Amino acid sequence: MKKELIRLDHVSKSYDGQMILDDLSLVIHENEFVTLLGPSGCGKTTTLRIIGGFEKPDTGKVIFDGEDITDLAPNKRQLNTVFQKYALFTHMDVGENIAFGLKIKNKPQSYIDDKIRYALKLVNLEGFEHRMPESLSGGQQQRIAIARAIVNEPKVLLLDEPLGALDLKMRQDMQYELIRLKNELGITFIYVTHDQEEALTMSDHIIVMNQGYIQQEGSPEDIYNEPENAFVADFIGDSNLMKATFVRDGLVRILDTDFPCVDKGFGDMKPVDVVIRPEDVELVSRGQGQMPGVVSHVIFKGVHYELEVQAGGFEWLVHTTKFFEVGTEVDIRVDPFNIQVMNRPASEDEEAISPEDEPPVLQE
Amino acid sequence: MEKSRKAIVLQSSPYLVWSILFIIVPLFMVLYYGLTDEEGNFTLANIAAIAQPEQARAFGLALLLSLAATAICFFLAYPLAMILARRRTGERGLVTTLFLLPMWMNFLLRTFAWMTILEDGGVLNGILSSLGLPAVHIINTSGAIIIGMVYNFLPFMILPLYNSLASIDGNVINAARDLGATAVQTFFSVVLPLTVPGILSGITMVFIPALTTFAISTLLGGSKILLIGNIIEQEFTLTYDWNLGSGLSLVLMVFVIINIVVSGLTEKREEVHR
């Protein structure tokens with residue numbers, strides 16, 4: 001087990017009477033790429049700002065490397081932040097921006113010069129020392145913001161939606177850069193995003209948040225393959241999310257059809273939620289599968305076709321590499337291993353949203 | 001292209017007529033009077049008159065008082081603007097209105113009010129004596145004029161400072177703190193440099209009207225303290241020496257232009273530096 005580096009202990013925070021974080025506890029280990037993932041307003045940025053020291057929690061403690069830093073000013077913390085929209089000092093050139101933290105610490109000029117060169121090399125912007133931030137592209141500014149943070153050799157780098165303002169291609173390039181940087185620096189990254197693809201690509205550990213609560217945490221594979229509730233299943237990737245009845249261990253009734261599954265222990269005839277990923281739905285000839293359906297929609301997506309299949313009164317989302325004509329009569333078949341059964345929250349007070357609610361809307 | 005140019009000229013014609021009638025022509029009249037004597041012959045005597053003791057003293061005093069007033073305005077306005085800029089948008093409106101409210105009243109009325117406050121038997125001394133404190137003599141001193149200047153021109157310092165402070169992204173300040181700077185270091189290395197354009201326009205907007213004022217010095221300085229503005233006013237309204245008045249105005253104008261050019265250049269250098 002890796003060494004524990006940051007611990008949030010029962011942290012709550014509200015603004016103007018509105019609860020943003022409610023009794024949040026989490027642990028971040030050394031040398032991990034941790035992502036706080038959730039829709040806007042889920043409390044992920046507030047969590048990051050509390051770790052950075054820009055917000056004080058109303059209750060609870062922030063422990064850093066065994067020390068209580070809850071009341072410590074941001075300039076006394078051994079971590080650095082890469083802000084949304086870069087937050088570069090526009091009155092200084094690139095070199096001065098990068099040197100800022102080192103000059104504050106009265107490092108010798110030769111050391112500072114070396115560090116600037118090293119950091120610019122690390123972010124692939126050699127020779128940019130004397131450019132002004134506003135003359136750079138968004139991606140370049142973001143790299144400078146990263147360089148400015150890492151020259152201070154923080155134990156933890158906090159990144160607040162750093163790629164949000166970049167275009168798609170640049171964003172993908174930067175994702176790989178960030179992974180490379182993290183590996184080269186060997187420090188902990190705490191990354192905040194609402195983009196589930198970004199989170200899955202880069203993270204060692206994902207913490208899915210909604211409405212101030214942690215919904216689930218785990219490796220990207222865990223989160224994607226074994227979502228613990230309907231919110232996580234719906235938020236991460238495309239999914240077929242349905243209400244179902246857990247008939248008994250190994251059998252779940254979905255849309256009045258019994259499907260064998262591998263899950264156990266939910267209790268006989270208990271209402272549950274199930275999620276089936278669109279790539280896990282197999283379409284076979286009529287009579288060969290578990291549930292009859294009709295293809296109602298086909299979209300070509302490049303790598304695969306995205307189909308909608310009407311079956312059992314539900315519109316199934318299906319990804320397949322095989323082409324089906326609209327109107328084709330098919331059967332649906334699902335491998336027992338690919339049916340993910342989840343507890344259905346008993347009431348609205350519980351952390352997850354129920355599946356008939358609208359899917360979360362991203363407002364960013 | 002030709003047509004659109006015509007349209008532009010047509011649309012701007014009221015403004016052009018206005019500028020020519022009320023800005024360009026009067027300027028040339030001042031220039032003409034300033035550079036001629038009563039017979040209309042060219043002379044530099046009206047300009048050289050600034051070197052005469054009375055004028056030189058009035059000019060020096062005007063410079064001194066307006067610089068003092070500008071400095072006081074700056075040190076009062078900066079913290080105020082910072083407080084304002086930190087307010088949420090809803091609260092900003094109220095506070096800004098409070099500061100601008102006095103400007104809705106006539107400038108002379110406000111200055112008259114200060115006469116009543118600062119008089120030897122005025123409001124201020126009334127309060128002091130009721131508290132058992134000795135009376136102060138302020139009216140008809142340089143101090144009274146500075147108070148009048150600061151009071152009247154303070155909003156012109158606050159607004160540009162507020163604008164440039166409010167346009168700083170809060171995360172830029174967070175970034176400085178994040179990189180290890182204390183609150184004080186953050187102020188001097190990030191906030192202050194980023195507000196240089198606001199500081200320059202605030203200084204210009206206070207210094208120039210303060211340097212050229214004659215109303216404040218007449219009302220609060222009595223007839224004892226003459227600023228260059230008073231001398232020029234007297235040349236036009238008492239002695240009817242328009243030539244001398246215009247000549248001195250030209251000297252003053254040169255100073256105003258120097259101020260604007262210097263602050264403009266500094267601002268441009270800032271921008272190039274960006």
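**Figure 1. Division of chain A into two domains.** In this predicted model, chain A is divided into domain 1 (4-223) and domain 2 (226-343), bounds that come from an automatic or database domain assignment. The C-alpha centres of domain 1 of chain A and domain 2 of chain A lie 38 Å apart. Across the boundary, 14 residues of domain 1 of chain A are in contact with ten residues of domain 2 of chain A, where contact means heavy atoms within 4.5 Å. About 950 Å² is buried between domain 1 of chain A and domain 2 of chain A, with carbon and sulfur atoms giving 62% of that area; buried area is the accessible area (1.4 Å probe) that two parts lose on being put together, summed over both. Residues are numbered from 1 along each chain as its sequence is written, and chains are lettered from A and ligands numbered from 1 in the order in which they are written. As the model is predicted, local features need pLDDT of at least 70 and side-chain atom pairs count only at pLDDT 80 or more, while totals for chains, interfaces and linings use all residues, and side-chain values use heavy atoms, with hydrogens and water left out.

**Figure 2. Packing of helix 2 of chain A against helix 3 of chain A.** The axes of helix 2 (residues 94-104) of chain A and helix 3 (residues 109-122) of chain A come within 10 Å and cross at roughly 125°. That angle makes helix 2 of chain A oblique to helix 3 of chain A (angles under 35 degrees count as roughly parallel, over 145 as roughly antiparallel, 65 to 115 as roughly perpendicular and the rest as oblique). Axes are lines fitted to C-alpha atoms, for helices over the stretch in contact, and angles run from 0 to 180 degrees between N-to-C directions; helices (H or I, at least four residues) and strands (E, at least two) are DSSP runs, numbered from the N terminus. On the side of helix 2 of chain A, the residues that meet helix 3 of chain A include Val94(A), Ile98(A) and Leu102(A), and among their counterparts in helix 3 of chain A are Tyr111(A), Ile112(A) and Ile116(A). By class, this contact of helix 2 of chain A with helix 3 of chain A has nine nonpolar, two polar and two charged residues (Ala, Val, Leu, Ile, Met, Phe, Trp, Tyr, Cys and Pro count as nonpolar, Asp, Glu, Lys and Arg as charged, and the others, Gly among them, as polar).

**Figure 3. Packing of helix 2 of chain A against helix 4 of chain A.** Helix 2 of chain A and helix 4 (residues 138-150) of chain A pack at an angle of about 30°, with their axes 7 Å apart. That makes helix 2 of chain A roughly parallel to helix 4 of chain A. Val94(A), Asn97(A) and Ile98(A) of helix 2 of chain A make the contact with Ile144(A), Ala147(A) and Arg148(A) of helix 4 of chain A, and these residues divide into four nonpolar, one polar and one charged.

**Figure 4. Packing of helix 4 of chain A against helix 5 of chain A.** With axes 12 Å apart, helix 4 of chain A and helix 5 (residues 168-185) of chain A pack at an angle of about 15°. That makes helix 4 of chain A roughly parallel to helix 5 of chain A. Among the residues that meet are Gln142(A) and Ile146(A) in helix 4 of chain A and Met174(A) and Leu178(A) in helix 5 of chain A.

**Figure 5. The interface of chain A with chain B.** Here 26 residues of chain A are in contact with 20 residues of chain B, and the two chains bury about 2,000 Å² between them, 57% of it on carbon and sulfur atoms. Asn75(A), His91(A) and Ile104(A) supply 29% of the area that chain A buries against chain B, more than any other three residues.
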